[in-house]
Amino acid sequence: MNTEAEAPEAAVAPDDRPDPAATMSYVYAVSRAGTALDTAASRLAGLEDGPLRTVTAKGLAALVSSVPAGAYGEAGIRARLEDLTELAALARTHHAVVEAAYAGTTVLPMRLATVYLDDARVRAMLEERGTDFADALGWLEGHVELGVKVYADPREAATAPPPAADPPAAEGSAPAPETLSPGRAYLRQRRQERRHHRDAYRAAGAVAGAVPDRVAGLVRARVAHRPQQGELASAAGENIANEAYLVPVEGVEDFHRALTGLADGLPGVRVEITGPWAPYSFATVPAAGGRA
């Protein structure tokens, strides 16, 4: 359940030079105010190893930590997001905080790099978006996110054992063909490689198309993400489908069972189920007045 993005207001003007000692408020997630989120805040560390706290308004609480204004202001955060090493470190900490909080209570993960000038601005955001947040929390209560990725790997298909050999020919049947010349053998190998490539992608596409039907009665919502490529695609083969499903907590095992065996007997096709996670794909609410 996503709300439409609003034009963000810059937390720090591009030409400003923040005081090195100044801090800003980084927001990880929003939940209902109460003991569960306060407990999570008391035992977690955020970015820059800073302690977490909650900022409350209208029965809601934001999970917040202070970050240096110089590093997380307009120029600083842009530099971090453009540096893959810095971005990975930022994402790991952000997600670790959200997951730890979600283990104790339903939370709405905020977008990566949601920063406010101070806690007063965070409180104003909660007051302004209180109804949206409360509705989203109610919609997500008791649900988790599961990911499903489908991969096509022609190389794996090419190395799969061939079908069982035919029984020996009866006596008097036609002789086996002569051994192929090197040139003909090469051409045949190339044809086989193209066939493996084509077959693997066709089979993976069919599997990806079958996933939504198999889990249709077990999920509340589905989001199709862009397949992972480049440095994001760490698994073997090519990711051709990358989907997220919002699943009731009590239905996680049924979800796994519904997809069991979907790629059996299909060399070069692999289905990967990830999670359960906090519902990033369904609950990331843009920050009004902050910068995401």
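Predicted model: local features only at pLDDT ≥ 70, side-chain atom pairs only at ≥ 80, totals over all residues.
Residues are numbered from 1 along each chain as its sequence is written, and side-chain values use heavy atoms, with hydrogens and water left out.

Let's start with the sheet. Four strands make an open, antiparallel sheet in the order β7-β8-β6-β9. Strands here are DSSP runs of E with at least two residues, helices are runs of H or I with at least four, both numbered from the N terminus, and two strands pair if DSSP finds at least two bridges between them. Strands β7 (221–225) and β9 (269–277) sit at the edges with a single partner strand each, so one side of each has no neighbour in the sheet. Further in, β6 (residues 143–152) and β8 (residues 238–248) pair over 10 bridges. Tyr 151 stands opposite Asn 239 in β8.

Now the rings. There are three aromatic pairs (centres within 6.5 Å; planes under 30 degrees apart are stacked, over 60 edge-to-face, the rest tilted). Two of them look like this:

| Pair | Centres apart | Planes at | Type |
|---|---|---|---|
| Tyr 26 and Tyr 28 | 4.8 Å | 50 degrees | tilted |
| Tyr 245 and Phe 255 | 5.5 Å | 55 degrees | tilted |

The second pair links distant parts of the chain, with Tyr 245 in β8 and Phe 255 in helix α8 (residues 252–259). Both Tyr 245 and Phe 255 are buried, meaning under 20% relative accessible area with a 1.4 Å probe and protein chains only (over 50% is exposed, in between partly exposed). Tyr 26, Tyr 28 and Tyr 72 form one aromatic cluster.

Terms used: Phe/Tyr/Trp six-rings, centres within 6.5 Å; stacked < 30°, edge-to-face > 60°.
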